[in-house]
Amino acid sequence: MNWQDGQLIYNDKYKIEKYLGGGGFAVTYQAMHTKLNRRVVIKTPNISVQQDPNYPKYIERFKREAQMLAMCCADSHSHIVQIFDFFEEEGRYCLEMQYIAGESLWNYVQNHGALPEAEAVKYIRQIGLALVDVHNKGIFHLDVTPPNIMLNFDQRVPNSGKAVLIDFGIAGDISPPSTFSRPFGNKAFAPYELTYKGSRHSTVDVYCIAASLYYAVTGKCPTNSFNRKYEQEELIPPQQLVPSLSDAVNQAILQGMALEAQDRPQTMQDWLNLLSPLQGETGFTRNENHPTKLILASDVGVDYQNLEKLLKAGQWKAADEETTRVMLKVTKREEQGWLSSESIKNFPCTDLRTIDQLWLKYSNGHFGFSVQKRIWLECGGKVDYETDCRLGDRVGWRKQGSWLSNWLSYKNMNFSLEAPEGHLPAGLMAAMDGLLVGWSLVSRSDL
Ligand SMILES: Nc1ncnc2c1ncn2[C@@H]1O[C@H](COP(=O)(O)OP(=O)(O)O)[C@@H](O)[C@H]1O
Ligand SMILES: [Mg+2]
């Protein structure tokens with residue numbers, strides 16, 4: 001029997017609030033953790049699975065989903081749903097997860113229509129970067145579809161939307177990839193080799209995420225891969241449906257959705273590289289055929305060529321030090337070696353943008369002040385110590401959940417693309433009069 005709204009379970013620890021959905025294998029509920037007064041989500045195998053003679057086998061798989069999720073969110077990756085607990089209630093195993101307020105990408109587009117390109121790319125990039133980490137752990141999600149991408153907004157903070165990936169059911173082998181019992185079916189988003197051969201490879205996730213981006217920008221499901229393969233149906237290029245779509249995003253979608261796995265970018269990072277960094281948000285576009293040369297503009301005659309050279313060569317530490325140097329030069333504070341609140345306020349917008357765009361361009365949108373700004377907004381957009389700590393955790397500047405003394409020293413920063421998003425530039429923050437001042441730099445409205 002399904003649980004009813006208002007029902008208390010697990011020694012009154014949770015109160016079921018409402019049924020959220022059910023696929024072929026599981027039912028998902030919104031619930032309240034009564035002691036913590038925290039909203040959570042509880043996922044449990046459905047009735048037909050419970051009555052199946054193979055129930056113990058499903059439970060093993062379900063546990064695997066829990067373990068996969070626990071492993072994937074161990075870095076507290078904010079774009080993967082957090083797992084809180086795994087418990088048994090009257091023979092039913094339950095997974096307790098973070099509740100993501102908002103709507104799935106599927107529902108959002110159904111209710112509001114296609115997303116603007118920049119916004120869609122922002123969400124998909126967040127999921128893609130999370131998947132780069134997941135793949136590094138040897139796990140493939142295999143069900144990166146719009147219903148499994150939750151969009152979380154803070155109404156009070158403009159541009160604060162963030163995407164969170166849920167449902168590691170197929171990764172954990174609980175639901176076979178051919179679960180077509182869902183109302184929309186995931187066929188439109190899956191490559192044929194997943195359903196046909198049960199293929200597990202990064203190129204499956206590349207196909208799925210590219211198809212999800214197709215849906216986000218066009219509002220339409222792409223032609224399913226089976227019909228493309230066996231019925232010679234054509235995939236309509238997204239740009240044909242949305243003529244204003246940039247060439248870069250159109251190409252990224254088409255290459256990611258190449259019918260045969262060997263024709264797709266082979267890793268998630270390779271696919272993300274096809275998307276131009278934070279397009280539309282920074283006014284900086286990249287097109288493979290006509291790479292836009294950045295104009296290294298400065299209002300105060302500072303030369304950014306050396307910074308560009310170091311970033312281009314991937315010399316992240318030297319580039320970070322050069323960033324500190326040029327910023328002190330811009331503000332004529334070389335002697336002091338740090339920026340005051342006043343100098344941050346008056347930092348010329350042109351120079352701030354040039355530095356930011358250089359970092360964005362050569363890190364493919366992974367580093368830069370505007371990346372840090374986005375994360376700051378996602379953390380609530382305040383300049384206070386609590387936000388500071390949350391940010392420190394997000395960008396990897398302090399040891400998780402620890403106190404002030406555990407902020408990383410500059411020499412322990414991670415000067416590589418493996419570092420968390422927004423980790424660099426960091427030198428200036430370290431050189432400044434406390435981190436809070438640093439955040440007042442990234443909070444500038446012209447970033
Ligand atoms: N953590 C969550 N926060 C909010 N809603 C969720 C969460 N997890 C699932 N949901 C909602 O429940 C639906 C089904 O959950 P999901 O884990 O995807 O199960 P299924 O295996 O049935 O696809 C999702 O599409 C989403 O709308
Ligand atoms: Mg799902």
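**Group meeting: sheets, rings and a magnesium site**

Okay, let me start at a turn: in the hairpin of β3 and β4, four residues sit between the strands, and N37 there has a positive phi near 60 degrees. Before I go on, this is a predicted model, where local features need pLDDT of at least 70 and side-chain atom pairs count only at pLDDT 80 or more, while totals for chains, interfaces and linings use all residues. Residues are numbered from 1 along each chain as its sequence is written, chains are lettered from A and ligands numbered from 1 in the order in which they are written, and side-chain values use heavy atoms, with hydrogens and water left out.

My helices (H or I, at least four residues) and strands (E, at least two) are DSSP runs, numbered from the N terminus. Two strands pair if DSSP finds at least two bridges between them. Buried means under 20% relative accessible area, exposed means over 50%, and partly exposed is in between, using a 1.4 Å probe and protein chains only.

Let's walk through β3, residues 26-33. How many of its eight residues are buried? Eight of the eight, so the strand is largely enclosed by the rest of the structure. Both faces are covered: on one side A26, T28, Q30 and M32, on the other V27, Y29, A31 and H33. Strand β2 (residues 14-22) pairs with β3 in the antiparallel sense over seven bridges, and a hairpin of three residues joins β2 to β3. On to β4: β3 and β4 are antiparallel over eight bridges, with R39 in β4 as the bridge partner of M32.

Then β4 (residues 38-45) pairs with β6 (residues 92-98), again in the antiparallel sense, over four bridges. V40 stands opposite Q98 in β6 there.

Two arginines deserve a look. The charged end of R38 sits over the ring of F84, 3.8 Å from its centre, and R39 does likewise over Y99 at 5.7 Å. The criterion is NZ of Lys or CZ of Arg within 6 Å of the ring centre and within 35 degrees of the ring normal.

There's a second open sheet, with three strands in the order β7-β8-β9 and antiparallel pairing. Its edge strands are β7 (103-104) and β9, each pairing on one side only. β7 and β8 share two bridges, and S104 has M150 in β8 as its bridge partner.

Next, the metal. Which residues coordinate the magnesium ion, ligand 2? N148 through OD1 and D167 through OD, at 2.1 to 2.2 Å. N148 is in the loop between α4 (117-136) and β8 (149-152), and D167 in the loop between β9 and α5, so the pair ties together parts 19 residues apart in sequence. N148 counts as buried at 5% relative accessibility, and D167 does too at 14%. Donors are N, O and S atoms within 2.8 Å of the metal (3.2 Å for Na, K and Ca), and water is not among the atoms, so sites may look incomplete.

Last, aromatics. The whole structure has 19 aromatic pairs. Rings of Phe, Tyr and Trp (its six-membered ring) pair with centres within 6.5 Å; planes under 30 degrees apart are stacked, over 60 edge-to-face, the rest tilted. F189 and Y215 are 5.8 Å apart at 90 degrees, so that pair is edge-to-face. F189 is buried at 1%, and Y215 is also buried at 1%. Y196 and F226 are edge-to-face as well, 6.5 Å centre to centre with 85 degrees between the planes. Here Y196 is exposed at 53% and F226 partly exposed at 28%. Ring pairs link Y192, Y196, F226 and Y230 into a cluster.
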